[in-house]
Amino acid sequence: MPLHRVVALVTPPQSPFELACASEVFGIAPPDAPPRYDFRVCAEHPGPLPTGAGYTMLVEAGLSALREADTVVVPGRQPPDAPVSPEVVEALRGAHRRGARIVAICTGAFVLAQAGLLDGRRATTHWRGAARLAAAFPEVRVDPDVLFVDHGDVATSVGTGAGIDLCLHLVRSDHGAAYASGIARRMVLPPHREGSQLQYAAQPVPARTDESLGPLLEWAASHLDARLTLDRLAAHAGLSGRTLSRRFAEQLGTSPGQWLLGRRLDAARILLERTDLPVEAVAVRVGLASAVNLRRRFRTRFGTTPGAYRRTFGGI
């Protein structure tokens with residue numbers, strides 16, 4: 001299988017952390033799995049490039065690298081609305097016309113907007129820059145309340161953590177849930193967040209240790225085959241159902257039911273990729289009761305059937 005070519009286009013002053021997010025996901029294969037990506041970095045002017053962290057990075061490749069890219073990642077930078085050159089704009093437009101997927105992390109959305117790639121589309125960026133993006137580019141439908149937006153050919157994310165969420169989402173789309181989970185485990189990341197989860201501008205009062213949902217989430221993820229109602233989850237956490245629902249909304253931006261459905265569908269994807277279990281058995285094992293229910297939920301979430309998903313990702 002040929003490697004998927006990912007090229008990060010850096011523009012000064014580059015934010016090194018957002019660049020590192022892409023490098024960690026696309027540049028390092030999970031343990032005991034073959035590499036699927038070839039990761040490179042390019043800039044308009046190869047050579048020393050200033051960063052927002054006070055040091056200079058050396059970039060060897062120029063804009064010509066975008067001509068061979070399957071995915072182009074534009075990491076964030078400060079200030080976000082600093083102009084980019086016509087050469088960078090044309091290189092991005094050319095890569096998009098050729099069929100490359102264009103991805104922005106955090107304030108990289110401003111670069112995509114300058115290239116006209118977000119015109120008439122829903123997009124997002126870090127909450128601190130969302131109003132500025134909407135004012136500067138009124139033709140872009142800025143959604144400040146989500147983690148990432150993926151249109152297939154163009155995708156945008158909010159802050160750096162959500163940039164990792166978006167990159168892992170793209171890996172799942174390319175190579176399946178099991179491969180993406182291997183990368184997440186190597187990075188010591190928790191279960192992934194869906195793009196529709198809320199972006200938080202501030203948390204006035206940090207959650208106390210005894211308010212963390214971590215132990216409950218870990219327990220629920222290991223008991224997906226059980227009947228996990230709100231009352232049972234609340235009883236395990238020693239809370240009322242109302243309090244548990246509030247903590248899910250505050251800490252995860254979703255409801256217990258939606259979080260649980262997401263984990264069950266993730267588990268189903270991995271079983272479809274790694275086993276030959278019948279769809280009915282997969283449904284029972286992940287707590288969705290029947291093949292009919294699994295197929296309905298699967299199609300709603302992923303736009304395909306379990307059988308078609310298995311044919312695409314099983315054994316790769």
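The side chains of R269 and D266 form a salt bridge, at 3.2 Å from N to O; the term requires a side-chain nitrogen of Lys or Arg within 4 Å of a carboxyl oxygen of Asp or Glu. This is a predicted model, in which local features need pLDDT of at least 70 and side-chain atom pairs count only at pLDDT 80 or more, while totals for chains, interfaces and linings use all residues. Residues are numbered from 1 along each chain as its sequence is written, and side-chain values use heavy atoms, with hydrogens and water left out.

**The R269–D266 pair**

- R269 and D266 are 3 residues apart in helix α10, so about one helical turn separates them.
- Helices here are DSSP runs of H or I with at least four residues, strands are runs of E with at least two, and both are numbered from the N terminus.
- Both R269 and D266 are buried.
- Buried means under 20% relative accessible area, exposed means over 50%, and partly exposed lies in between (1.4 Å probe, protein chains only).

**Other salt bridges**

- The whole structure contains 11 salt bridges.
- R5 and E68 pair through their side chains at 3.5 Å, N to O.
- That pair links distant parts of the chain, 63 residues apart: R5 sits in strand β1 (residues 4-10), and E68 in the loop between β4 (56-59) and β5 (71-74).
- R5 is partly exposed, with a relative accessible area of 32%.
- E68 is also partly exposed, at 46% relative accessibility.
- A network of salt bridges links R5, E68 and D70.
- D143 and R122 form another salt bridge, at 3.0 Å from N to O.
- This pair also joins distant parts of the chain, 21 residues apart: D143 is in the loop between β8 (141-142) and β9 (148-150), and R122 is in strand β7 (residues 122-123).
- D143 counts as buried because its relative accessibility is 17%.
- R122 counts as partly exposed, at 33% relative accessibility.

**Packing of α10 against α12**

- The axes of helix α10 (residues 256-274) and helix α12 (residues 291-302) come within 11 Å and cross at roughly 100 degrees.
- Axes are lines fitted to C-alpha atoms, for helices over the stretch in contact, and angles run from 0 to 180 degrees between N-to-C directions.
- α10 and α12 are therefore roughly perpendicular to each other (65 to 115 degrees).
- From α10, the residues Q258, L261, G262, L265, A268, R269 and L272 meet L294, R297, F298, R301 and F302 of α12.
- The residues of this contact divide into 7 nonpolar, 2 polar and 3 charged.
- Ala, Val, Leu, Ile, Met, Phe, Trp, Tyr, Cys and Pro count as nonpolar, Asp, Glu, Lys and Arg as charged, and the others, Gly among them, as polar.

**E18: buried charge**

- E18 is found in helix α1 (residues 16-27).
- E18 is buried yet has no salt bridge, and the nearest side chain of opposite charge, R128, is 11 Å away.
- For charge, Lys and Arg count as positive and Asp and Glu as negative, while His and the chain ends are not counted.
- Leaving aside neighbours within four places in sequence, E18 contacts P75, G76, I105, C106 and T160 (contact means heavy atoms within 4.5 Å).

- A220 lies in helix α7 (residues 214-221).
- A220 counts as buried, at 1% relative accessibility.
- Beyond its neighbours within four places in sequence, A220 is in contact with L228, L233 and W259.
- The C-alpha atoms of A220 and R263 are separated by 9.2 Å, although the two residues are 43 residues apart along the chain.

Terms used
Parallel < 35°, antiparallel > 145°, perpendicular 65-115°, else oblique.
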